[in-house]
Amino acid sequence: MSLRITPLTDPSHGPHGRRLAWLASDADSVPAGTAFLRLLDDGQGHLAELDLRVHPAERRKGVGSRLLDAAVTTARDNARRCVVAQAEAGSPGDRFLAARGFRKVLTLRFTRLPLADVDTAVLAEIVERPHPGYRLISWQGTVPDDLAHTFAASRRAMDDVPMDDADSGTVTWDVDRVRAAAKAVEQRGDHLHTVVAVDASDGSIAGFTELVVPGNGAGDGQHYGTGVLPEHRGHGLGRWMKAESIRQARRDYPGLGGLLTDTADSNAHMRRINDGLGYTPTHTTHQHQLDL
């Protein structure tokens with residue numbers, strides 16, 4: 001197969017990383033596959049995230065290997081320590097990565113909550129149960145100015161989330177970064193909803209959960225993260241916040257079908273929360289890592 005690999009100009013450049021792209025095409029300029037490589041920075045400057053896709057009809061012809069070579073070479077040229085990629089367990093992509101020297105470092109379990117099946121009485125009981133010393137606050141879009149600094153500080157709640165053998169680094173969050181993340185969601189036309197638990201003694205945020213809903217309010221929403229600061233754990237705040245997020249989604253978006261979430265297989269605590277709220281498994285993916 002005569003194959004051409006063409007670097008593309010990708011406009012997806014942000015303040016915390018940039019993305020490179022390649023197109024594989026045959027002699028007739030028919031696309032056969034693509035690769036995107038995101039070069040991260042800050043606490044993840046050692047890392048490059050790969051998204052490689054080959055049309056099913058063009059597999060086993062060397063397309064994926066050529067695209068992978070281009071991406072890995074670029075990662076090395078940019079002094080990256082490792083390249084990571086995800087694939088559904090048992091899929092051709094899963095087998096391809098393993099055969100090309102990647103090692104499995106993390107298993108993610110994906111689950112879905114059909115909103116039509118939610119027991120509203122149980123949900124109300126969870127949300128309305130008092131949590132002495134804490135209260136819930138929520139907002140849509142960018143964090144309010146008066147909560148911006150404590151919200152940025154609360155992001156360290158995700159620093160010790162189980163990641164097994166993945167070399168993920170630690171992201172440093174500040175006010176500019178949380179505002180930029182919210183702006184990115186807004187610019188693509190989606191809605192970002194945040195629920196936080198506030199420590200009533202000083203007004204600081206003890207934990208948060210984020211949900212992104214498609215702009216048309218239909219289909220499925222996606223949970224982006226739920227975390228509670230170590231010093232506030234053991235009070236049921238994670239379950240409380242997530243239940244309130246579900247309640248608001250069901251109330252505000254009657255056309256929304258369900259909510260999606262992914263959790264590390266080893267994160268037993270969050271898996272128990274999701275199971276108890278009615279989320280059911282959909283599929284499993286593996287994160288693979290190539291050490292350079």
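This is a predicted model: local features need pLDDT of at least 70, side-chain atom pairs count only at pLDDT 80 or more; totals for chains, interfaces and linings use all residues.
Residues are numbered from 1 along each chain as its sequence is written, and side-chain values use heavy atoms, with hydrogens and water left out.

I will start with the cores, where a nonpolar core is a set of buried Ala, Val, Leu, Ile, Met, Phe, Trp, Tyr and Cys residues joined through side-chain atoms within 4.5 Å, and buried means under 20% relative accessible area, exposed over 50%, and partly exposed in between, with a 1.4 Å probe and protein chains only. The largest one has 25 residues, and those touching the most other members are Trp22, Leu37, Leu50, Val63, Val83 and Phe102. At least two residues come from each of several elements, including strand 3 (31–40) and helix 1 (63–77), these being DSSP runs numbered from the N terminus, with H or I over at least four residues for helices and E over at least two for strands. Helix 1 supplies the largest share of this core, seven residues. There is also a second, separate core of 18 residues, which includes Ala243, Ile246, Ala249 and Tyr279.

Turning to the cavity, the term means a set of points, on a 1 Å grid over the protein atoms alone, where a 1.4 Å probe fits but cannot get out, and lining residues have an atom within 4 Å of a point. The count comes to one cavity of 30 Å³ or more, and the largest cavity holds about 60 Å³ of space, a volume being the space filled by probe spheres set on the points. Which element gives the most to its lining? Helix 6 does, with four residues, and Ala249 is one of the lining residues.

Finally, the backbone. Most residues other than glycine have a negative phi. Arg60, however, has a positive phi of about 65° although it is not a glycine; Arg60 sits in the loop between strand 4 and helix 1 and is exposed, at a relative accessible area of 86%. Asp164 also has a positive phi, near 50°, and is found in the loop between helix 4 (148–154) and helix 5 (175–187), where Asp164 is partly exposed, with a relative accessible area of 43%.

Note on methods
On a 1 Å grid over the protein atoms alone, a cavity is a set of points where a 1.4 Å probe fits but cannot get out, and a pocket is an open set with protein on both sides within 12 Å along at least five of seven lines; lining residues have an atom within 4 Å of a point.
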